[in-house]
Amino acid sequence: MSPQTRRGRAVPPSHRKSSSHATPSAGTPAVAAPIAGKPAADVKAGPVRAGRRRGVGISRVRKSAGYRYATGLFGAYTPVIVAFVVLFAGVWVYLSFINPPPPQPQELWTRIETKYVAKINAARLEINDPNSDFATKIQGFKDYSAALKAWMKELAPISDWTIGALPSASADYATAGQDIAGMISQGNIEAGLLDKAATATTAADLVQYTTPLAAANEEFEGYWASVAADMLLKSVDQPTLALPATPTPAPSDSAGASGSPAAVPSPSPS
């Protein structure tokens, strides 16, 4: 028998069907064939959904060494502690940046005072330094006046110094507000006198401002010290403002000339 007789009738190659070469039907997604020499498990899958990625992220956190250590240390309280930390951070951000509470009166006063004390001290040094020439002293009067005006201008809009005070505070903020009002008024008066002194052209012209400036400066520093005492703060020590001494009048000899002449004793009778 011929080979075809023994094996049966041969089927033409064109009539053979293979599942591997079948055309995919419409609506059925094509499946990528495995790459030769690479396991099917290594073939990359399609896009992963967002929910699945989130679940994978949480799963990774739970499988991390830090989370396992915290769980082993605190046990079932770990989620509660994490929630408390997140809540605390939210409150801190809100109170620090979004809606901070008003500063306490001592903090507000010290913040403003510190800004101008350095400027006032520098101006006083220009006036008090014995090595300063006349032009430097005049510039010191101008700088002192500018610092006083700026300081009083920043204090003026604050009408209530009890805002932000703690209920348990023992400082007298109401009296401090009254002393600050007097300090503002006196500071503006002293600044005006300093402006007049800065118009002097000679050292002799400064003498006429010595007495009023000394009195205004003394009263201003009295209010300043009272505010510190009201707020239970340490007062700032200020050096005495060095001003030209007023000339003292020379003693007059008119009193001796207008006095009655001394009596001459008469000789006794013999």
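Author: What follows begins with the chain as a whole and then turns to one pair of helices and their surroundings.

This is a predicted model, in which local features need pLDDT of at least 70 and side-chain atom pairs count only at pLDDT 80 or more, while totals for chains, interfaces and linings use all residues. Residues are numbered from 1 along each chain as its sequence is written, and side-chain values use heavy atoms, with hydrogens and water left out.

The protein chain holds 10 helices and zero strands, where helices (H or I, at least four residues) and strands (E, at least two) are DSSP runs numbered from the N terminus. Of its 270 residues, 21% count as buried; buried means under 20% relative accessible area, exposed over 50%, and partly exposed in between, with a 1.4 Å probe and protein chains only. Among contacts in the protein chain with a separation of 6 or more, 74% are accounted for by residues 24 or more positions apart, a contact being heavy atoms within 4.5 Å.

The pair to look at is helix α7 (residues 173–197) and helix α9 (residues 210–230), whose axes come within 8 Å and cross at roughly 155°. Axes here are lines fitted to C-alpha atoms, for helices over the stretch in contact, and angles run from 0 to 180 degrees between N-to-C directions. The two helices, α7 and α9, are therefore roughly antiparallel to each other, given that angles under 35 degrees count as roughly parallel, over 145 as roughly antiparallel, 65 to 115 as roughly perpendicular and the rest as oblique. The crossing of α7 and α9 is left-handed, which is to say that the near helix is turned anticlockwise from the far one by less than a right angle, whereas clockwise would be right-handed. Residues that make this contact include Thr175, Met183 and Glu190 of α7 and Asn217, Phe220 and Ser226 of α9. By class, the contact of α7 with α9 has 13 nonpolar, six polar and four charged residues; Ala, Val, Leu, Ile, Met, Phe, Trp, Tyr, Cys and Pro count as nonpolar, Asp, Glu, Lys and Arg as charged, and the others, Gly among them, as polar.

Two residues of this contact can be followed further. Threonine 175, in helix α7, counts as partly exposed at 26% relative accessibility, and its C-alpha atom is separated by 9.1 Å from that of serine 226, 51 residues apart along the chain. Asparagine 217, in helix α9, is buried, with a relative accessible area of 7%. Not counting residues up to four places away in sequence, asparagine 217 touches Arg124, Tyr144, Glu190 and Leu241. With arginine 124 there is a side-chain to side-chain polar contact from asparagine 217 at 3.1 Å, a polar contact being a pair of N or O atoms within 3.5 Å, where within protein one must be able to donate a hydrogen and the other to accept it, and residues adjacent in sequence count only if both atoms are side-chain atoms.

Helix α7 also packs with α6, at an angle of about 155° and with their axes 9 Å apart. That makes α6 roughly antiparallel to α7, and α6 passes α7 in a left-handed crossing. Tyr144 is one of the α6 residues in this contact, and Glu190 is among those of α7.

Beyond α9, leucine 232 lies in the loop between α9 and α10 (254–258). Leucine 232 has a positive phi of about 60° although it is not a glycine, and at 57% relative accessibility it counts as exposed.
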